[in-house]
Amino acid sequence: ASFMISLRREDNITVMIKLRSGVSPSCQIRIKNVIRPELKIKPGENVTFTFTCSTPEKYFIMDIQKNIDCVSGLCPFGDVHLYPLGLPRLNRTFIWDVKASTKAGLELKFSTPWLRQIEPGGTCPDFISYNINSCIDTAIVNIGTFCRNGSVSRVKLLGGVVMSLHLPWDSRLTTSGFSIANRASIKRLCIIESILKEESSVTLMSPNYPLGFPEDELMTWQFVIPSSMRASVFFHNYSLSNCERKEERVEYYLPGSVSNPEVFKLSDSQPANIAGSFNLSLQGCDQDAQNPGILRLLFQVVVQHPQIDENVTHLVDLSKEWNMTVTIHLEGWPSHNPPMSEPICLICKDPRSCDRVLTLVSGAVYKISFLCKDLSRLRITAEKGISCVDFRWCQRKIYSLSVPKVITQLPIQLHKFIWKLLAPELINIEITSPSLKLQQHVPEQRCNTSYSYSIVSATPQTELNVGVFCPGGSIEKIQMKNNITVSLKTYGKGFLNESNYQDLKMSFVPHIKDECTFTVKPDPKAKVYLQTPNWPYGLPPYVSISWYVTVPSKQVARLGFSKDRMGITCETGRAYVNIKEEALGAEETVRREDELLPKPRNMYHDFWVNVSNCKPVDKTQLSLQFWVTFTDKQIDLGVILAVVAGAGVLMAIGLTVCCVKKKKKKSQSPMVGVYNTNVNTQMPGKQGLFTKGRKNNESHVYAVIDDAMVYGHLLKESNGLVAPEVDVYRPFDGPVGSLPPSPPPLSFRKDIKRSPSTEEPPPLTDTDHDTYTFAHQKSGQLEDSEDTSEKNSGGTSEKNNGDTSISLLENKEQNGLGE
């Protein structure tokens, strides 16, 4: 196609067609068989040309510049038109360079739908954009870049203006959308008028944003708002220059104010809930020539209807709180904020001080109100610090980790309450839940409450996520080293009712051995699941965790692990699982990472479970889960028969002794000395542990006995039920220990290789005593405590308790005690 452009001299228009940057010159311009890469048409020229390709819009752009002199000639007031006509369909930029005196500024008026300012480099949805530059003498200031469909209706400028309109090649826009309305002296850089008729928001920037506002300049934004609406101002991004004289500030002319202009710093909370139209001005300063800095401002004005409850105030009394902050914010803050174009919820601590986020600090009393249609979008996040400086004072105090009622009484949902517990060195933290107790959130036993606690133990090197817990479980106490963060998180609105029953407490306690210790008191009818912290990622290297589980007196606990092995290989050190009952002479079961974990077993007393980690060879860490159930103790019929038989024997002995004594009184026989070759009077020697040494002992004893014992053969009439005169184990009735079982010493971990079925006890030293241990074995207990490998090898226990009891019976038979 052929194009003809005819320019009148009086229009003072120049057209320039040139290649787009970065495009290969595979398309050119042809004029009378002359090929040109670009074309410039000056005022008064007529040019006919064609393109050597069918899609010139891919290769060429076009600038149409009109110079207007409002200084020496008449200023063409009115609509600005797009000239000339018949231009090729290229991406084009219309430029109007208007010269004007600084004593008589220019006013540009935009037709509806007005303009909307965007950040430099941004794009408009329809790719149609305006750029406004102010020209003062030789200085050019970029007022801003704008799209269509906004609220900016007028721009008044000091001096001249360079106005640009960028149109895409396929745009069918036929009017410029603005007019030169007037000339007026404004005595400031510019005035931007914004009209907001309905609920909406507008974002505006200072000139030259983000490069910097001109030195010691003044500009104003005029906001036209119906008196029935309310406007609030929010500064989202600003920076300050280095001032030598004066001070950077913003000034407001507010409706109904008795102190106009009201002056604010850029760092202040800006006015809110403004009824009607107002002005906002930005004032610069004289900057330091060596280090001027940058003054810039990006802000938002939100307009909305008055809220029904805007005059309803809520008292938040934090005067008696210590080291606590309360933040009221929109849901999703701070990671997510709604677009600035949406109507927002505002929180006000006085009628003129409102914001999207409001932070209240302890030690003060606040009267807050809400400018929000839907309070369900708001949330509360609070944080409280508790620390210990002097343990002599801290150890006597019990701190309540409960949400204050001043927070729960607000008509806003609590999102999270965080307690940061700081303990000095060698002082640890104990968390208890005396009445509700805590349940650990595990896959097999999920929390189903309106709130939960997340507990994290932090050290300078590592962070240990202890777990997520909710009320209504079996954990009474958690003791932890180092600093602790407890985060209460709510789910739904049920917390408002359940908050009255919180019972989480905290205190500072002396140093504990393990990284974390749990005290568990399960419900006898429940199955309790417990797992190591940092689930599912595993314990950090060299961390030790213990559980102390209470067993009711009439119950038997069943302990089992959820998998057969620990599932790790150690690079340094060894990993152990230790199990030990709190009973006199109770065995301690130890398993390494290369051994099978114990099979499910019965526990008749309170017991400890300790898990100690090594440094694994890969990223897989130690993660273990175990469970505990309870059953009622079963009465053994054999025990009942033995007790009855024993009672019968004792009765027979009593009758026999009574008869013999009566006969003795009659005969008055002298005492009889009997020599017994089977009695050992030798003091216990330094023999091997639990060895059968007494059966070969040939020492002799002369014993003086009552002659009534001569008739001991009469006892054989009791079917041979003779109770051996040996001591009997009685359950331990004293207080249980407060420390968990210790892992094997380092020398044992590194140097000794052993299996549960082949381990031999170490020999006694010179300080050991020749003592005996009498195993108290319940029915079925031996079978539960043995491994499969131990059964296959003859049932030898880890501690050789079976050999001990056999040795005692053999000694009695050799020494004649059975009779």
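Visitor: What do the words buried, partly exposed and exposed stand for in this structure?

Guide: A residue is buried when its relative accessible area is under 20%, exposed when that area is over 50%, and partly exposed in between, with a 1.4 Å probe and protein chains only. By this definition Glu 331 is partly exposed, because its relative accessible area is 47%. This is a predicted model, in which local features need pLDDT of at least 70 and side-chain atom pairs count only at pLDDT 80 or more, while totals for chains, interfaces and linings use all residues. Residues are numbered from 1 along each chain as its sequence is written, and side-chain values use heavy atoms, with hydrogens and water left out.

Visitor: How many salt bridges does the structure hold?

Guide: A salt bridge is a side-chain nitrogen of Lys or Arg within 4 Å of a carboxyl oxygen of Asp or Glu. The structure contains 18 salt bridges. One of them joins the side chains of Glu 331 and Arg 379, at 3.3 Å from N to O.

Visitor: Where do Glu 331 and Arg 379 lie?

Guide: Strands (E, at least two residues) and helices (H or I, at least four) are DSSP runs, numbered from the N terminus. Glu 331 is in the loop between strand S29 (324–330) and strand S30 (346–350), and Arg 379 is in strand S34 (residues 378–387), so the pair ties together parts that are 48 residues apart in sequence. Arg 379 is buried, at a relative accessible area of 11%.

Visitor: Which parts does the salt bridge between Glu 593 and Arg 574 tie together?

Guide: In this pair the closest N and O atoms are 2.9 Å apart. Glu 593 lies in the loop between strand S50 (588–592) and strand S51 (601–603), and Arg 574 in the loop between strand S48 (570–572) and strand S49 (576–581), so parts 19 residues apart in sequence are tied together. Glu 593 is buried at 9% relative accessibility, and Arg 574 is buried at 11%. Salt bridges with shared partners join Arg 574, Arg 592, Glu 593 and Asp 594 into one network.

Visitor: How far apart in space are Ile 308 and Leu 371?

Guide: Their C-alpha atoms are 8.5 Å apart, while the two residues are 63 residues apart in sequence. Ile 308 is in the loop between strand S27 (293–304) and strand S28 (314–317), and Ile 308 counts as exposed at 89% relative accessibility.
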